[in-house]
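Here's a quick tour of a few spots in chain B. Have the viewer open and follow along.

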Amino acid sequence: MNKVPFVKPNNEIPFFFQVEERNPDNAAPQIDYDLIYWLEQVRYHSLNGASEGASSLLNLANNTPNFENVPQEWLEVLEKINGVVQTKKYDPTLSPQSKRVLNQYINRLFPQQAEPEVEPMDIALPPVNRRLDFGNVQGNGFGY
Amino acid sequence: MIKTVQESTLSAPFFGRETVGLPATHLGETQQLLNTLDKVQRLTQLDNILKKANRKTTIEKLEKLWSTPINSNVEESKATLLKGLEGSFRFLAAMKEFYKPRIEAAENCEDLEKLKHQAAEDATTLRFLSDSPLTKSHRGQNGPTFLVRYPAQNDSTIKPHFHQYVIKWSHWNELGTTRLYDLFSKSLSFPFHVPQASALDLHQGIHEITDTSRDNLELTAIEQLKQRVDGIRFAAAPENQEPKDKLILFIERIAAANLFDFAHKEYIHLSDEQMQELYVGLGRLAMLDLFTGNTDRLIQSRYDAASKKFELDTMQSNLGNVLVQRPQKLEEPLNLYAIDNGLDERFFSDSECNSSYNAFVQELLSRPNEVNRLTTALVASLQKGVEVQAEEVGGKMNAQEDIQLKEQLKPFIEDLAKESTKSAIAKGMEEMSLQLHQIHSNWNDESSKPLKQYLFTTYSELLNVVSGRFSILNSVRSS
């Protein structure tokens with residue numbers, strides 16, 4: 001967790017880039033939302049041991065959501081990721097555990113909604129017509 | 001190779017969405033693709049800049065910048081935004097370089113508002129990512145292949161959701177064979193999976209959305225799409241040269257491990273039933289590949305150009321072309337995905353080679369007890385595949401990690417040598433061998449006509465080769 005401000009208040013730096021303290025009254029919802037995105041990525045990258053996930057987990061461990069009162073469940077997940085990162089020993093329970101914590105947060109934030117879809121196929125394109133049922137084609141005419 | 005729509009004899013329903021001559025803004029799904037590619041390119045470029053900065057703080061400040069209210073004087077508002085991007089830090093200069101032309105291009109307050117909205121959305125998207133939205137895959141010899149993943153929306157009232165897919169420079173052989181395998185998988189009582197795909201051929205001016213629907217692109221759209229895909233390629237891998245392959249595939253990204261990664265990370269956690277299921281599944285897929293002539297996956301064959309004969313070989317299997325997905329529960333079945341599909345290119349260019357392969361397949365399917373020989377060959381290729389890849393991966397590790405990797409692979413390697421494994425593979429091969437007749441029967445009925453039409457139009461050589469294979473089944477059955 002890097003808490004060092006990247007710039008000091010300085011006349012050269014426009015106001016947009018000056019470090020600003022977070023208003024604690026407004027912090028909670030954003031923190032929760034940061035956390036569920038972070039957990040979703042932990043869950044995804046620890047699925048099935050794909051090698052691409054290893055470097056992603058390392059990035060996630062180095063870019064933890066930045067808040068002070070870390071809930072216990074989150075600490076458990078972080079501990080597991082650190083274990084994976086330190087030992088490079090894949091842990092198949094990481095994904096279910098982060099999914100469980102993720103669901104707890106989602107249920108808290110979105111009480112009316114069911115658990116998240118596990119693997120959405122979201123290619124920003126319409127799904128392929130897997131059944132090939134695009135109407136009646138008369139004859140094939142190709143000798144097949 | 002590819003026939004244009006004008007040349008084809010296809011009936012109108014096949015190309016239900018002709019858009020020739022319409023301006024790019026009316027391209028429907030293609031417009032959506034253009035927007036998506038635009039976003040991926042923007043996010044990747046911004047992510048590259050953020051790598052040189054304190055990511056979290058910079059994004060917060062960007063979000064603040066883009067929430068600056070705009071007044072009625074557009075020039076004044078532009079100047080305020082540009083001033084917000086000034087500073088002595090190098091990444092600020094890069095950020096300004098990125099946004100300056102966009103800000104200056106705004107003609108009115110509405111344009112500026114749109115830009116602000118888009119930029120704020122991009123900043124928030126990047127805040128949720130600790131990884132690059134676009135990463136170059138180092139697997140496979142062709143490509144390049146890029147893995148895309150970024151949050152689909154930024155609205156904190158909606159559950160987290162990600163866009164994820166693969167962009168790969170490939171060829172019609174892969175797309176046609178993928179569609180073919182998808183059809184085959186539906187004819188089977190024990191399905192394997194094939195990732196969904198759409199494609200872009202900027203040389204032919206085709207955006208193939210599904211195997212039943214495509215847009216014919218007009219020049220403006222082709223130019224715009226080319227700019228985006230080149231931009232994406234360059235943003236992710238500046239050193240990359242112009243790809244040899246020209247068909248750009250957009251493929252479903254499967255959350256699964258290839259067989260090598262699965263063997264050393266997941267295999268040990270399978271139940272006995274799931275282990276058996278894995279080998280039966282590999283046996284089935286190997287038999288289907290053997291039949292079609294998909295030579296770059298499990299079972300290996302060799303062509304002797306002098307005698308013009310094919311024979312079984314024990315070269316290493318390509319373990320990267322099978323993905324395995326373990327379910328969360330032990331009692332649920334495994335999912336096997338056939339990826340990077342494609343028949344041996346020699347079958348399209350060398351008819352003698354293709355005929356030899358037909359004879360080779362016919363012989364294997366006709367003779368009794370060939371399954372045992374095939375199983376032995378497959379096990380040897382799998383063992384060699386694991387061995388070769390372990391050397392390759394282990395070579396990049398330190399000594400301790402290398403030892404650990406070899407230890408993790410042991411259970412899989414030991415099981416490969418067991419009689420029960422061979423029996424499971426043989427069972428899978430026999431099952432697929434029997435099911436080939438079902439596939440053949442489906443191939444000849446109405447349900448396959450659309451795919452045949454599709455292949456006839458896009459890659460008739462592939463249709464000819466596959467039809468030739470099916471005619472072998474007739475001979476085998478009658479003999």
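Two strands count as a pair here if DSSP finds at least two bridges between them. By that rule β2(B) and β3(B), the latter covering residues 162–170, pair in the antiparallel sense, with seven bridges. Keep in mind that this is a predicted model.

**Around β2**

- Strand β2 of chain B spans residues 145–151, and seven of its seven residues are buried.
- In a regular strand, side chains alternate between the two faces of the sheet.
- Here, B:Thr145, B:Leu147, B:Arg149 and B:Pro151 point one way from β2(B), while B:Phe146, B:Val148 and B:Tyr150 point the other way. Buried or exposed, whichever way they point? All of them are buried.
- β2(B) also runs antiparallel to strand β1 (residues 134–136) of chain B, and three bridges join the two.
- To find your place in these pairings, look for B:Lys136, which stands opposite B:Phe146 in β2(B).

**The β8-β11-β12 sheet**

- Three strands of chain B make an open sheet, in the order β8-β11-β12, with antiparallel pairing.
- Which strands stand at the edges? They are β8 (257–258) and β12 (335–338) of chain B; each has a single partner strand, so one side of each has no neighbour in the sheet.
- Strands of a sheet pair through backbone hydrogen bonds, either parallel or antiparallel.
- β8(B) is joined by two bridges to β11(B), which is made of residues 322–325, and the two run antiparallel. One residue to check is B:Asn258, whose bridge partner in β11(B) is B:Leu323.
- Helix α9 of chain B, residues 272–292, lies across β11 and β12 of that chain. The angle between α9(B) and β12(B) is about 25°.

- Most residues other than glycine have a negative phi. B:Lys308 is not a glycine, yet its phi is positive.
- B:Lys308 counts as partly exposed because its relative accessibility is 37%.
- B:Asp340 isn't a glycine either, and has a positive phi of about 50°. You'll find B:Asp340 in the loop between β12 and α10 (346–349) of chain B.
- With a relative accessible area of 32%, B:Asp340 is partly exposed.

**B:Phe192, a loop residue**

- B:Phe192 belongs to the loop between α6 (172–187) and β4 (197–201) of chain B.
- Why does B:Phe192 count as buried? Because its relative accessibility is 8%, and the cut-off for buried is under 20%.
- Beyond its neighbours within four places in sequence, B:Phe192 is in contact with B:Tyr181, B:Ser185, B:Leu285, B:Leu288, B:Leu336, B:Ala338 and B:Met432.
- B:Arg284 is 92 residues from B:Phe192 in sequence, but their C-alpha atoms are 9.0 Å apart in space.

Technical notes:
Residues numbered from 1 in each chain as written. Chains lettered and ligands numbered in written order. Predicted model: local features only at pLDDT ≥ 70, side-chain atom pairs only at ≥ 80, totals over all residues. Heavy atoms only, no water. Helix = DSSP H or I, 4+ residues; strand = E, 2+ residues; numbered from the N terminus. Buried < 20%, exposed > 50% of the residue type's maximum accessible area, 1.4 Å probe, protein only. Contact = heavy atoms within 4.5 Å. Axes fitted to C-alpha atoms, helices over the stretch in contact; angles between N-to-C directions.
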